[in-house]
Amino acid sequence: MNKRGYFGNFGGAFLPEILVATFDELERVYTEARNDPIFWHDYEQLMSSYSCRPTPITYAENLTRHFGGARIFIKREDLNHTGAHKANNVMGQGLLVKRMGKTRVIAETGAGQHGVATATMAARFGFDCTIYMGEVDVARQRPNVFWMEQLGATVVPVTDGTRILKDAINEAFRDWVTNMDATHYVLGTACGPHPFPEMVAWFQSIIGKEARRQFMEREGRLPTRVFACVGGGSNAMGIFSGFFDDDVELVGVEAAGRGLNSGAHASRLCSDDASVGVAQGYKTYFLQDDDGQMRETHSIAAGLDYVGVSPILSDFKEKGRVRFEGATDREVIEAVRLTMRKEGVIPALESAHAFARAFKEAPTMSPDDIILINQSGRGDKDIFTIADAMDDPKWKQFIIEKAKQYHA
Ligand SMILES: Cc1ncc(COP(=O)(O)O)c(C=O)c1O
């Protein structure tokens, strides 16, 4: 066990012996980059020329009027190239891969956003790319699988376990153990063994740095409350990091799925169903049974459907710095509908968890208060799930016609 990389009681690096040297190399290169001001400058340049940064904050005037409480602003991570905050992390890791002189990247993906972002980065930097994805997620996120393949990546459907994100992570680690010399594992969230949680949170801190500056420029003050959805925790860590040292309330919103009492959810920090354990190389809250076996998780949003959570957020929960809440699938669909109709903005199902919770709290706050919601991604990828949930008859007809064309 490596004692470095702990956040309070959480984190660490529980590694198979064979990977220790690879992690040491990664930690060394990451630490050098972090101490090199030119690296962050180059990273910001790359993100502005390639990924539309800085992303704006949008004043949601119509939603504000609708709820009649706090003023609502949205940080527009959906405007990143490839449609989500995932680009921040993968482009940063891509620069590190170049520094390490490796030629192949692998990644796991749930919703597919991280997979598309990694395949895009690999195309741009000229790396070979393999993406591991649970078979269930392959089925529900086919558009993203299509794009990953077109971008030149090999997508491997994982048939082990419950065939979702945690199984894809296990498979990616298996690949890494056998191919570590030329391969870097681009982990997609602020989880996993040290230095991944800290490193991913660092790349994502570009969101919070910008948001803080934008609020000071525009409003001359900081928001009252900041909402972000929590899967592994990378977009939440990103936006929260701009406000950790301020008197700003931070709210992480997890997937309450069919309800916190239903057993069908993915809430680790806002439910009593999770407990502290060690898995996938790190220590945090996991949804596990008394024998330490991982439980099945559920969320309408594939990107939130994960059994573990960032050790940094587990620590913030224990310290009371971040409040954790849940939003149900039904509340999420309603939040997507309302945001589209009122603002002409389509949040990803993941991001809509943050919207749903903010909408509950906005009316109870005063017009002097400011809410900031991190829109971690855009909802285009979710068209099949959203159309199903909305029971849209014209969409169904379109699918039937399309299937007929394929002689189904
Ligand atoms: C758009 C979007 N938001 C949020 C998440 C959840 O990840 P994290 O908690 O690391 O931000 C995902 C994961 O795939 C995602 O695609």
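In which loop is the place of Pro 54? Select Pro 54 to begin: this residue sits in the loop between α2 (37-50) and β3 (57-59). Please note that the model on the screen is predicted.

**Stop 1: two cis peptide bonds**

Most residues other than glycine have a negative phi, and most peptide bonds are trans. The peptide bond from Arg 53 to Pro 54 is cis, and its omega is near -5°.

Next, select His 194 and Pro 195. These two residues are also joined by a cis peptide bond, with omega about 15°. Pro 195 lies in the loop between β8 (183-185) and α9 (196-219).

**Stop 2: helices α2 and α9**

Two packed helices are described by the angle between their axes and the distance between the axes. Select residues 37-50 for α2 and residues 196-219 for α9. How do the axes of α2 and α9 cross, and within what distance do they come? They cross at roughly 65° and come within 12 Å. Angles from 65 to 115 degrees count as roughly perpendicular, and α2 and α9 are therefore described as roughly perpendicular to each other. Their crossing is right-handed.

Now display the side chains where the helices meet. From α2, show Phe 39, Trp 40, Tyr 43, Glu 44 and Met 47; from α9, show Trp 202, Phe 203, Ser 205, Ile 206 and Lys 209. By class, this contact of α2 with α9 has seven nonpolar, one polar and two charged residues.

**Stop 3: helices α5 and α7**

Select residues 113-125, which form helix α5, and residues 142-150, which form helix α7. These helices pack at an angle of about 10°, and their axes are 9 Å apart. That angle makes α5 roughly parallel to α7. The crossing of α5 and α7 is left-handed. The contact involves Gln 113, Gly 115, Val 116 and Ala 119 of α5, together with Asn 144, Trp 147 and Met 148 of α7. Sorted by class, the contact of α5 with α7 has four nonpolar, three polar and no charged residues.

**Stop 4: a positive phi**

Select Gln 280, in the loop between β11 (275-279) and β12 (282-286). Although Gln 280 is not a glycine, its phi is positive, at about 45°.

**Stop 5: helices α12 and α13**

Select residues 329-343 for helix α12 and residues 349-361 for helix α13. Their axes are 8 Å apart, and the helices pack at an angle of about 85°. This makes α12 roughly perpendicular to α13. Among the residues of α12 that meet α13 are Val 332, Val 336 and Thr 339; those of α13 include Leu 349, Phe 355 and Phe 359. By class, the contact of α12 with α13 has ten nonpolar, two polar and two charged residues.

**Stop 6: helix α15 and its ends**

Finally, select residues 393-405, helix α15. At 1.5 Å a residue, the 13 residues of α15 should span 18 Å; the end C-alpha atoms are 19 Å apart, which agrees. At the N-terminal end, Asp 392 caps α15, with a side-chain oxygen 3.3 Å from the backbone nitrogen of Lys 394. Just after α15, select His 407, which takes a positive phi of about 60°.

How values were computed. Residues numbered from 1 in each chain as written. Predicted model: local features only at pLDDT ≥ 70, side-chain atom pairs only at ≥ 80, totals over all residues. Heavy atoms only, no water. Helix = DSSP H or I, 4+ residues; strand = E, 2+ residues; numbered from the N terminus. Expected span 1.5 Å × (residues − 1). Polar contact = N/O pair within 3.5 Å; in protein donor to acceptor, adjacent residues only side chain to side chain. Axes fitted to C-alpha atoms, helices over the stretch in contact; angles between N-to-C directions. Parallel < 35°, antiparallel > 145°, perpendicular 65-115°, else oblique. Left-handed = near helix turned anticlockwise from the far one by under 90°. Contact = heavy atoms within 4.5 Å. Nonpolar A, V, L, I, M, F, W, Y, C, P; charged D, E, K, R; others polar.
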